[in-house]
Every structure is written in C-alpha cells, then in structure tokens.
Amino acid sequence: MLETIALIIQVGIVVFLAIDAPKHGKNPWLWGILGFFFGPLVLGIYFILTNRKVVGWVIIVISILYFFLVMLTVIGVIFLVLTGGAAG
C-alpha cells in the first residue's frame, strides 16, 4: 500500500518536471530522470533554480528531515534486533 502511494508520488513528480521544465528552458528528460530517482529533493532543487525559492527550500528541508527520520527508525530497528529487543 505505502509502496503504491510512493510510486504514484514519484510518477507525479516526474510528470510535473517533464511538463514544466521546457517552460523554463530546462531539459525535460534530465529533470524527469533525476526526479524519478531522487524525488522530492530534485523537485525542491528545481523550484529553487526556477526562482520559486521558498517552495523549493521547504520541500528540501522536509525531504531531509524525512530522510533522517527513516534512517533513525532503521538504526533503531537494527539496534533492537541486535540487542535482543526490549527486555521485560
């Protein structure tokens, strides 16, 4: 379920970048491919480069915070598995 939502968001980012890039003199293929692999981070960078700086920085900050949240969760799960879980 979450994978499907993530894929829909990713495809939405790709479509937006591919359609909007030529309006700003950017290569739609390049931005579409970068958007597919790096998602919201590239979308934020694209907004900054196309003079929509506030939206771009907000997206970048949220993306970075989300990345760190996911990494802390993964590290926490690994820690619990390696230490045998919560002793009770």
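Helices here are DSSP runs of H or I with at least four residues, numbered from the N terminus. A word on the source: this is a predicted model, where local features need pLDDT of at least 70, side-chain atom pairs count only at pLDDT 80 or more, and totals for chains, interfaces and linings use all residues. Residues are numbered from 1 along each chain as its sequence is written, and side-chain values use heavy atoms, with hydrogens and water left out.

Now to H3 itself. Which of its residues are buried? They are Val42, Leu43, Gly44, Tyr46, Phe47 and Ile48, where buried means under 20% relative accessible area with a 1.4 Å probe, protein chains only. These buried residues pack against H1, helix H2 (28–38) and H4.

Let's take H4 as a partner. Helix H4 covers residues 53–83, and its axis comes within 7 Å of that of H3, crossing at roughly 160°. Axes are lines fitted to C-alpha atoms over the stretch in contact, with angles from 0 to 180 degrees between N-to-C directions. So H3 is roughly antiparallel to H4, a label for angles over 145 degrees. On the H3 side, the contact (heavy atoms within 4.5 Å) includes Pro40, Leu41 and Ile45, and on the H4 side Lys53, Trp57 and Ser63. By class, that contact has ten nonpolar, three polar and one charged residues; Ala, Val, Leu, Ile, Met, Phe, Trp, Tyr, Cys and Pro count as nonpolar, Asp, Glu, Lys and Arg as charged, and the others, Gly among them, as polar.

Have a look at Ser63, in helix H4. Ser63 counts as buried because its relative accessibility is 16%. Leaving out residues up to four places away in sequence, Ser63 touches Pro40 and Leu41.

Next, H1. The axes of H1 and H3 are 10 Å apart, at an angle of about 25°, so the two helices are roughly parallel, which applies under 35 degrees. Gln10, Ile13, Phe16, Leu17 and Asp20 of H1 meet Pro40, Val42, Leu43, Tyr46 and Phe47 of H3.

Ile59, beyond its neighbours within four places in sequence, is in contact with Pro40, Leu43, Gly44 and Phe47.

Technical notes
Angles under 35 degrees count as roughly parallel, over 145 as roughly antiparallel, 65 to 115 as roughly perpendicular and the rest as oblique. Buried means under 20% relative accessible area, exposed over 50%, partly exposed in between (1.4 Å probe, protein chains only).
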